[in-house]
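Hi,

Here is the structure I promised to pass on to you.

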Amino acid sequence: MSQPSSQINPPLKDELDIVIPTIRNLDFLEQWRPFFQHYHLIIVQDGDPTKTIRVPDGFDYELYNRNDVNRILGAKASCISFKDSACRCFGFLVSKKKYIFTIDDDCFDS
(Lines give C-alpha, C1' and ligand atoms only; values in the text may rest on other atoms or scores of the structure.)
Protein backbone atom coordinates (compact mmCIF):
# COMPACT_ATOMS: atom_id res chain seq x y z
CA MET A 1 0.00 0.00 0.00
CA SER A 2 1.38 3.43 -0.87
CA GLN A 3 1.87 6.17 1.70
CA PRO A 4 -0.15 9.41 1.63
CA SER A 5 1.82 12.09 -0.21
CA SER A 6 2.18 14.18 2.97
CA GLN A 7 4.35 11.42 4.47
CA ILE A 8 6.63 10.86 1.49
CA ASN A 9 10.08 12.38 1.88
CA PRO A 10 10.78 14.81 -0.95
CA PRO A 11 13.61 13.70 -3.21
CA LEU A 12 16.99 15.34 -2.58
CA LYS A 13 15.53 17.39 0.30
CA ASP A 14 18.87 18.04 1.96
CA GLU A 15 20.83 18.29 -1.31
CA LEU A 16 18.80 20.79 -3.36
CA ASP A 17 18.34 24.57 -3.35
CA ILE A 18 15.84 26.39 -5.55
CA VAL A 19 17.13 29.70 -6.97
CA ILE A 20 14.62 32.34 -8.07
CA PRO A 21 15.61 35.67 -9.65
CA THR A 22 12.83 38.21 -9.18
CA ILE A 23 11.62 41.76 -9.60
CA ARG A 24 8.16 41.11 -8.11
CA ASN A 25 6.35 39.61 -5.14
CA LEU A 26 6.42 35.84 -5.14
CA ASP A 27 2.74 35.09 -4.68
CA PHE A 28 3.05 32.60 -7.56
CA LEU A 29 4.84 30.28 -5.11
CA GLU A 30 1.46 29.33 -3.66
CA GLN A 31 0.79 27.40 -6.87
CA TRP A 32 4.15 25.65 -6.52
CA ARG A 33 3.86 25.02 -2.75
CA PRO A 34 3.29 21.24 -3.05
CA PHE A 35 6.58 20.96 -4.95
CA PHE A 36 8.75 23.61 -3.24
CA GLN A 37 7.64 23.80 0.40
CA HIS A 38 10.20 21.25 1.58
CA TYR A 39 13.18 22.92 -0.09
CA HIS A 40 15.36 25.91 0.71
CA LEU A 41 14.82 28.88 -1.63
CA ILE A 42 17.49 31.38 -2.59
CA ILE A 43 15.77 34.47 -3.92
CA VAL A 44 17.85 37.07 -5.77
CA GLN A 45 16.06 40.39 -6.10
CA ASP A 46 16.78 42.28 -9.28
CA GLY A 47 16.16 45.99 -9.64
CA ASP A 48 15.62 48.48 -6.80
CA PRO A 49 17.12 47.01 -3.59
CA THR A 50 14.90 49.26 -1.44
CA LYS A 51 11.74 47.60 -2.77
CA THR A 52 10.25 45.00 -0.44
CA ILE A 53 9.69 41.61 -2.04
CA ARG A 54 6.88 39.61 -0.44
CA VAL A 55 7.35 35.85 -0.05
CA PRO A 56 4.38 33.74 1.09
CA ASP A 57 4.57 32.42 4.66
CA GLY A 58 5.87 28.94 5.28
CA PHE A 59 8.80 28.87 2.88
CA ASP A 60 12.41 28.47 4.02
CA TYR A 61 14.34 31.13 2.12
CA GLU A 62 17.18 33.62 1.91
CA LEU A 63 16.61 36.89 0.05
CA TYR A 64 19.52 38.77 -1.53
CA ASN A 65 19.57 42.06 -3.44
CA ARG A 66 22.23 44.15 -5.18
CA ASN A 67 23.41 45.62 -1.87
CA ASP A 68 24.09 42.09 -0.58
CA VAL A 69 25.98 41.18 -3.74
CA ASN A 70 28.14 44.30 -3.40
CA ARG A 71 28.78 43.60 0.29
CA ILE A 72 29.63 39.92 -0.19
CA LEU A 73 31.65 40.14 -3.42
CA GLY A 74 33.18 43.59 -3.01
CA ALA A 75 35.27 44.57 -6.06
CA LYS A 76 34.16 41.39 -7.87
CA ALA A 77 30.43 42.27 -7.63
CA SER A 78 30.35 43.49 -11.22
CA CYS A 79 30.67 39.88 -12.41
CA ILE A 80 27.00 39.39 -11.39
CA SER A 81 24.79 40.93 -14.06
CA PHE A 82 21.60 42.64 -12.94
CA LYS A 83 18.64 43.97 -14.94
CA ASP A 84 18.21 40.51 -16.44
CA SER A 85 17.66 37.08 -15.00
CA ALA A 86 21.42 36.48 -14.90
CA CYS A 87 21.35 37.73 -11.29
CA ARG A 88 20.40 34.11 -10.52
CA CYS A 89 24.12 33.38 -10.84
CA PHE A 90 24.57 34.90 -7.40
CA GLY A 91 22.14 32.31 -6.06
CA PHE A 92 24.26 29.60 -7.63
CA LEU A 93 27.32 31.12 -5.97
CA VAL A 94 25.90 31.24 -2.43
CA SER A 95 24.20 27.83 -2.51
CA LYS A 96 25.90 25.20 -0.42
CA LYS A 97 23.90 22.31 -1.83
CA LYS A 98 24.94 19.64 -4.28
CA TYR A 99 22.10 20.42 -6.70
CA ILE A 100 20.40 23.65 -7.76
CA PHE A 101 17.06 24.02 -9.47
CA THR A 102 16.07 27.42 -10.85
CA ILE A 103 12.74 28.87 -11.86
CA ASP A 104 11.70 32.29 -13.11
CA ASP A 105 9.33 34.47 -11.09
CA ASP A 106 6.63 34.38 -13.75
CA CYS A 107 6.09 30.61 -13.91
CA PHE A 108 2.48 30.07 -13.03
CA ASP A 109 -0.63 28.44 -14.35
CA SER A 110 -2.86 31.02 -15.99
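The chain has 3 helices and 4 strands, counted as DSSP runs numbered from the N terminus (helices H or I with at least four residues, strands E with at least two). Read from the N terminus, their order is β-α-β-β-α-α-β.

Before the rest, a word on the basis: this is a predicted model, where local features need pLDDT of at least 70 and side-chain atom pairs count only at pLDDT 80 or more, while totals for chains, interfaces and linings use all residues. Residues are numbered from 1 along each chain as its sequence is written, and side-chain values use heavy atoms, with hydrogens and water left out.

The C-alpha trace spans about 55 × 30 × 20 Å along its principal axes. Of the 110 residues, 37% are buried (under 20% relative accessible area, 1.4 Å probe, protein chains only). Among contacts (heavy atoms within 4.5 Å) with a separation of 6 or more, 57% link residues 24 or more positions apart.

Asp46 is buried but has no salt bridge (a side-chain nitrogen of Lys or Arg within 4 Å of a carboxyl oxygen of Asp or Glu). Its nearest side chain of opposite charge is Lys83, 6.7 Å away (Lys and Arg count as positive, Asp and Glu as negative; His and the chain ends are not counted). Beyond neighbours within four places in sequence, Asp46 contacts Thr22, Ile23, Phe82, Lys83, Asp84 and Cys87.

Best wishes

Key:
Buried means under 20% relative accessible area, exposed over 50%, partly exposed in between (1.4 Å probe, protein chains only).
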